[in-house]
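Here are my notes on the model you sent over. Keep the viewer open and click along as you read.

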Amino acid sequence: MSDESPPAEQPQQRPEVLLLGPLVPFLDAALSNKFRFLKPCESSLPLLDFLAAHAVSVRVLLCSGPSPVDGDVLARLPALELVVASSAGVDHIDLAACRRLGISVTNAGSAFTDDAADYAVGLLIDILHHISASDRYVRRGLWPLKGDYPLGSKLGGKRVGIVGLGSIGSAIAKRLEAFGCPILYHSRTRKPSVSYKYFGNVRDLAAESDILIISCALTAETFHIIDKQVMLAVGKRGIIINVGRGALIDEKELVKCLMQGEIGGAGLDVFENEPVVPEELFHMDNVVLSSHKAIATPESFRNLFDLVSANLEAFFSNQPMVSLISE
Amino acid sequence: MESLGVLLTARIDPYLEAELDRRFKLFRLWELPPAQRREFLRENAEAIRAVVGSPALGADAEMIDLLPRLEIVANFGVGLDKVDLRRCRDRGVRVVYTPDVVTDDTADLAIGLAIAAMRRICDSDRYLRDGSWKGKGDYKLTSKFSGKTVGILGLGRIGQAVAKRAEGFGCPICYCSRSEKRHTNYKYYPSVLELAANCQVLVVACPLTEETHHIINREVIDALGPNGVLVNVGRGPHVDECELVSALLDGQLGAAGLDVFEHEPHVPEQLFGLDNVVLVPHIGTDTLETSKAMADLILENLEAHVSNRPLLTPAF
C-alpha cells in the first residue's frame with residue numbers, strides 16, 4: 001500500500017475476495033467499496049472450471065447462503081487461507097477439510113442471536129395460544145359464525161428442553177425464564193456456568209420436557225437428532241420448535257407423528273428440502289410454518305455486514321479474526 | 001338452606017357450567033333469545049341470588065334492577081367494565097373477579113402478539129401455505145423485536161408481567177399509569193401521548209373506564225408512527241378503532257397486534273388484507289389451565305359467600 005493512500009482506493013488496490021453465492025444487494029454494494037469481489041456467478045463457466053481458471057491466488061472466500069464449500073471447491077483454491085461464512089450454520093462447509101488444509105473459518109457469530117431467539121419464542125407462543133390459527137379464523141369471518149376459538153395451553157410452568165445451548169440456545173433460555181419456564185438442555189458438553197439441568201442425550205431430555213427447542217448446529221452427529229424416539233418421548237402434548245436446520249429433524253417422521261397425534265404441535269422455520277414443505281402440514285392448525293426467516297431483519301444483516309467486514313479487514317491487516325469457529 | 005340460584009349469562013366454559021350446575025341451582029341466560037330474557041329474569045327473580053358474568057355479557061344496571069334478591073356478582077375475568085359497580089355498591093351487591101390467575105396468559109399473549117406482528121409470523125405462514133415461497137422466493141425482511149423500547153399503558157399486575165418478559169429481550173421499559181410506581185426503575189410518562197412518542201411498541205394493559213375510553217386516539221396513534229406497533233390486550237374501546245383502521249390502511253402506523261375489538265365478534269374487514277396486523281378473537285386468557293383456574297376461583301368465591309367465609313377476590 002502507498003503511504004499516501006487516497007481516501008477512495010483505486011479499484012486495483014482493493015483486496016480480492018472470492019464470492020460464492022449471491023449477496024443481498026445492500027451487503028454487496030457496501031462491501032464492494034472495500035473489497036474486490038471475484039464473482040463466478042457472473043461467468044458462463046461452470047463453477048469449478050471458473051475457479052481453476054481464475055482463483056488460483058485467492059486467499060479469502062466469502063461464502064454467502066448455503067453455497068457448498070466442499071472438497072472439489074477447496075482443491076481449486078490452493079492459496080486459500082480463510083473462509084468467511086455469512087451464516088451462523090456452517091454445515092455446508094467441509095470443516096474437516098479446512099482444518100486439514102490450515103484454512104480458518106469464521107461464521108456469523110452472534111450477529112443473529114437475538115432475532116433467532118425472538119423468533120423461537122414467537123413461534124412457541126403462537127403454537128400454544130393459536131395465534132396464527134385463530135388469526136386465520138378471524139380473517140375467514142368465522143368468529144361471528146362459529147363463536148370462540150378452542151382453548152390453547154399456558155406457557156408458564158412448561159418444561160423447556162433446549163437442544164444446543166450455544167449463543168442462540170442461551171438467548172432463548174434467558175427469554176423463557178422470564179415467562180416462568182424451567183429450562184433443561186442437551187449440548188455436546190455440559191456448561192458449568194449455567195444452572196439449567198443437563199441431559200447427556202436428547203431422548204432423555206425429551207422425556208422430561210413439554211417443549212423441545214432445536215438450536216444446535218447441523219453436523220454428521222446431529223443429522224436427524226430429533227428422530228421418532230425423541231418425538232414419542234416428548235409426547236402427545238409436546239411441542240417442537242426448530243430454528244436450526246431442517247435436517248436436524250427426521251421430517252418424514254415428524255409429519256407422521258403430527259398426523260397420528262403422537263406430538264402436540266410444531267413451529268418450523270426450516271425444512272429438509274427448502275423451499276419444499278410437506279403438504280400434509282398445510283392442513284394442520286397445530287403447526288406454524290415459516291420460510292427460513294428467523295434472522296431476516298435489517299438489524300441482523302447490519303450486524304452481519306459489520307462482522308464480515310471486520311473479519312475481512314482483520315485478515316488483510318494480519319489481525320486476529322473476530323468470529324473464528326473453534327472446534 | 002335454599003340452594004344458591006346462579007344466573008350464568010353466557011356459555012363461558014363447560015367446566016364452570018357443569019360445576020355451577022352441580023353445586024348450585026343454575027339458570028342459563030343464553031338459552032333464551034334476547035327478546036325473552038327480561039321476562040325470564042322476572043320469572044326467576046325470587047331464586048336468583050348470584051350472577052356469573054363474562055366479558056361478553058356482564059351485569060349491567062338493568063339486570064341488577066331486575067334481580068331484587070341479588071347478593072353477589074362473579075366476573076369471569078379481571079376486567080370489570082361490563083359490571084355496573086356503582087349500582088352494585090348502591091344495592092349492597094358484592095362483586096368478585098379473577099385477578100392474578102389471568103396475569104401470565106395475558107402478558108404472554110401481549111409479547112406473542114408483538115413478535116407475531118413485527119416478525120410477520122402469521123403472514124409468512126400464509127405465504128408458505130399458499131405456495132409463495134416456492135413460487136416467489138424468500139419473504140421480505142421484518143422488524144427486530146429485541147431491544148425495542150416497550151411502552152406500557154397501565155402498570156398493574158398485567159403491565160408489570162409484560163415488562164418483566166420484555167426485559168428478557170433487552171427492551172427498555174417505559175410506562176404511563178394513573179400514578180407513578182416508585183418501586184420500579186421504569187421511565188414514567190404522565191401522558192399516553194408522551195408515552196407513544198417515546199416508545200416503539202405500545203401495550204395497552206389498563207382497565208377500561210370512562211377515562212380510558214378511546215385513550216388510544218388518532219393523536220396517540222400518529223405519535224407511535226409508521227415504525228410503531230400497537231398491542232391491545234385490554235379492551236376494544238380503549239382504541240378508537242376507526243382511526244386505527246385508517247392509520248393502518250394509510251401506513252401511518254407500523255403494525256398492530258389486536259386481541260380485542262370495539263364490537264366483538266366483529267372485526268373491521270378492511271384489516272383482513274393487511275400483513276402487518278395480527279387479529280385474534282379475544283383469546284387472552286383462553287388456555288385450559290387459566291380457564292380452569294378462573295372457574296375454580298369463581299366457584300370458591302361463591303362457596304365462601306354461601307358459607308359466610310371471607311371472599312377470596314372481592315373487587316371492592
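1. Start with Glu62(B), which counts as partly exposed at 39% relative accessibility. Bear in mind that this is a predicted model. Glu62(B) makes a salt bridge with Arg38(B), and their closest N and O atoms are 2.7 Å apart. The two come from distant parts of the chain: Arg38(B) belongs to helix H2 (residues 37–43) of chain B and Glu62(B) to helix H3 (residues 61–66) of chain B, 24 residues apart. Arg38(B) is partly exposed as well, with a relative accessible area of 45%.

2. Next, have a look at Arg235(B) and Asp81(B), whose side chains meet in a salt bridge at 3.0 Å, N to O. Arg235(B) lies in the loop between strand E10 (229–232) and helix H11 (241–250) of chain B, while Asp81(B) lies in the loop between strand E4 (72–75) and helix H4 (85–91) of chain B, so this pair ties together parts that are 154 residues apart in sequence. Asp81(B) has a relative accessible area of 25%, and is partly exposed.

3. Here's another salt bridge in chain B: Arg165(B) with Asp104(B), the closest N and O atoms being 3.2 Å apart. Arg165(B) is in helix H8 of chain B and Asp104(B) in helix H5 of chain B, so the pair ties together parts that are 61 residues apart in sequence. Arg165(B) has a relative accessible area of 3%, so it is buried, given that buried means under 20%. Asp104(B), at 28%, counts as partly exposed. As background, side chains of opposite charge can pair when their charged atoms come close.

4. Stay with helix H8 (residues 157–167) of chain B for a moment. Which of its residues are buried? They are Ile158(B), Gly159(B), Ala161(B), Val162(B), Ala163(B), Arg165(B) and Ala166(B). What covers them includes helix H5 (103–118), strand E6 (150–153), strand E7 (173–176) and strand E9 (201–204) of chain B.

5. Now for where the chains meet. On the chain A side, 57 residues are in contact with 55 residues of chain B. The area buried between the two chains is about 4800 Å², and carbon and sulfur atoms give 62% of it. Arg139(A), Trp143(A) and Lys154(A) supply 16% of the area that chain A buries against chain B, more than any other three residues.

6. How many salt bridges cross the interface of chain A and chain B? The rule finds 6, and it also finds 24 residue pairs in polar contact there. On the side of chain A that touches chain B, the elements giving two or more residues include helix H5 (113–129) and helix H12 (298–316) of chain A. H5(A) gives the most, with 10 residues. One salt bridge to find is Asp114(A) with Lys144(B), where the closest N and O atoms are 3.5 Å apart. Across all chains, the count of salt bridges comes to 44.

7. Just after H6(A), Gly141(A) takes a positive phi of about 75°.

8. Last, the rings. Over all chains, the structure holds 11 aromatic pairs. In one of them, the rings of Tyr137(A) and Tyr149(A) have their centres 5.0 Å apart and their planes at 80°, so this pair is edge-to-face. Tyr137(A) lies in helix H6 (residues 131–139) of chain A and Tyr149(A) in the loop between helix H7 (142–146) and strand E6 (160–163) of chain A, so the pair ties together parts that are 12 residues apart in sequence. Both tyrosines, Tyr137(A) and Tyr149(A), are buried. Elsewhere, Phe35(A), Phe315(A) and Phe316(A) form one aromatic cluster.

9. Charges meet rings here as well. Lys293(A) lies over the face of Tyr139(B), 5.0 Å from the ring centre. In chain B, the charged end of Lys187(B) sits over the ring of Tyr189(B), at 5.0 Å from its centre.

Definitions and conventions
Residues are numbered from 1 along each chain as its sequence is written. Chains are lettered from A and ligands numbered from 1 in the order in which they are written. This is a predicted model: local features need pLDDT of at least 70, side-chain atom pairs count only at pLDDT 80 or more; totals for chains, interfaces and linings use all residues. Side-chain values use heavy atoms; hydrogens and water are left out. Buried means under 20% relative accessible area, exposed over 50%, partly exposed in between (1.4 Å probe, protein chains only). Helices (H or I, at least four residues) and strands (E, at least two) are DSSP runs, numbered from the N terminus. Contact means heavy atoms within 4.5 Å. Rings of Phe, Tyr and Trp (its six-membered ring) pair if their centres lie within 6.5 Å; planes under 30 degrees apart count as stacked, over 60 as edge-to-face and the rest as tilted. A charge sits over a ring if NZ of Lys or CZ of Arg is within 6 Å of the ring centre and within 35 degrees of the ring normal. Buried area is the accessible area (1.4 Å probe) that two parts lose on being put together, summed over both. A salt bridge is a side-chain nitrogen of Lys or Arg within 4 Å of a carboxyl oxygen of Asp or Glu. A polar contact is a pair of N or O atoms within 3.5 Å; within protein, one must be able to donate a hydrogen and the other to accept it, and residues adjacent in sequence count only if both atoms are side-chain atoms.
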